[in-house]
Amino acid sequence: MNKVALITGATSGIGKATALKAAEAGFNIIITGRRSDRLEQLAREIQEKGVEVLPLHFDIRQQTAVQQAIENLTGNWRNIAVLVNNAGLAVGVSPIQEGVLDDWERMIDTNIKGLLYITRAVAPLMIANNAGHIVNLASIAGKEVYPGGNVYCATKHAVDALSKAMRTDMLKHNIKVTNIAPGMVETEFSIVRYKGDEEAARNVYKGMTPLTNEDIADTILFAITRPPHVCLNDIVIMPTAQANSRDVNKI
């Protein structure tokens with residue numbers, strides 16, 4: 001029987017690429033997201049890989065919806081072997097004194113609280129099986145800070161800390177926890193951050209070659225397919241042109 005992998009924020013970007021690669025590797029896939037049309041389209045693509053797929057349409061910021069979705073799982077879908085906490089976003093680049101409260105709430109509710117809600121619901125299922133692997137998508141922004149990153153950096157620092165704490169909490173239950181901290185990845189990330197300003201988003205990556213969704217998905221797949229005795233606790237992955245959050249070699 002195929003292992004089950006649950007991937008949040010699967011309707012685009014890293015989440016979608018991870019779902020497809022995990023399906024190719026033989027996992028049955030649970031995908032979650034807010035955009036039902038994209039969710040159903042991805043489900044069809046996954047089915048073409050010859051594995052089973054279960055799309056769950058909910059907003060990860062809504063604790064009751066998250067809890068109900070997991071409680072309503074039946075059969076083998078309850079045997080979640082891998083949870084990929086991918087759902088997350090950055091909104092705005094204002095300095096702290098000019099911050100937009102709604103932007104802050106969206107980032108905190110998605111990046112921290114949403115991750116906690118789904119982990120709280122899924123972890124007991126893993127503990128019951130005395131096995132599992134939780135992968136948290138953090139960021140280089142969880143290792144450093146930079147101008148205009150204030151609250152986003154704070155949320156990703158929280159993910160970094162939660163990954164370490166989860167690793168200790170889950171240790172006696174034989175559950176792995178991996179924190180993945182990418183640098184610049186060209187997804188919808190910058191379009192969301194700049195609130196639909198596509199030119200500003202393109203300029204983020206202009207003059208350099210960023211990472212791709214597939215690069216991060218490959219990294220996740222590598223982590224979740226290691227032997228049972230191997231856990232990759234923390235992975236920082238950057239494009240060659242980027243040394244840290246602020247030093248980027250642009251031509």
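Student: At what angle do helix α3 and α4 pack, and how far apart are their axes?
Tutor: In this predicted model, helix α3 (residues 63–71) and α4 pack at an angle of about 20°, with axes 8 Å apart. Axes are lines fitted to C-alpha atoms, for helices over the stretch in contact, and angles run from 0 to 180 degrees between N-to-C directions. Local features need pLDDT of at least 70, side-chain atom pairs count only at pLDDT 80 or more, and totals for chains, interfaces and linings use all residues. Residues are numbered from 1 along each chain as its sequence is written, and side-chain values use heavy atoms, without hydrogens and water.

Student: Why is α3 called roughly parallel to α4?
Tutor: Angles under 35 degrees count as roughly parallel, over 145 as roughly antiparallel, 65 to 115 as roughly perpendicular and the rest as oblique. The angle is about 20°, so α3 is roughly parallel to α4.

Student: Which residues of α3 and α4 meet?
Tutor: Q63, V66 and I70 in α3 meet Y117, I118, A121, V122 and L125 in α4; contact means heavy atoms within 4.5 Å. By class, there are seven nonpolar, one polar and no charged residues. Ala, Val, Leu, Ile, Met, Phe, Trp, Tyr, Cys and Pro count as nonpolar, Asp, Glu, Lys and Arg as charged, and the others, Gly among them, as polar.

Student: What makes α4 roughly parallel to α5?
Tutor: Helix α4 (residues 101–129) and helix α5 (residues 150–170) pack at about 15°, with their axes 9 Å apart. That angle makes α4 roughly parallel to α5. Their contact has 15 nonpolar, four polar and one charged residues.

Student: How do you know that β2 and β3 pair?
Tutor: Two strands pair if DSSP finds at least two bridges between them. Strand β2 (residues 28–33) and strand β3 (residues 53–57) have five bridges, in the parallel sense, so they meet the definition.

Student: What is the hand of the crossover from β2 to β3?
Tutor: The chain goes from β2 through helix α2 (residues 36–47) to β3, and this β-α-β crossover is right-handed. The term applies if, with the strands pointing away from the viewer, the path from the first strand over the helix to the second runs clockwise.

Student: What makes β3 and β7 edge strands?
Tutor: The open sheet has seven strands in the order β3-β2-β1-β4-β5-β6-β7, with parallel pairing. Each of β3 and β7 (234–237) pairs on one side only.

Conventions:
Helices (H or I, at least four residues) and strands (E, at least two) are DSSP runs, numbered from the N terminus.
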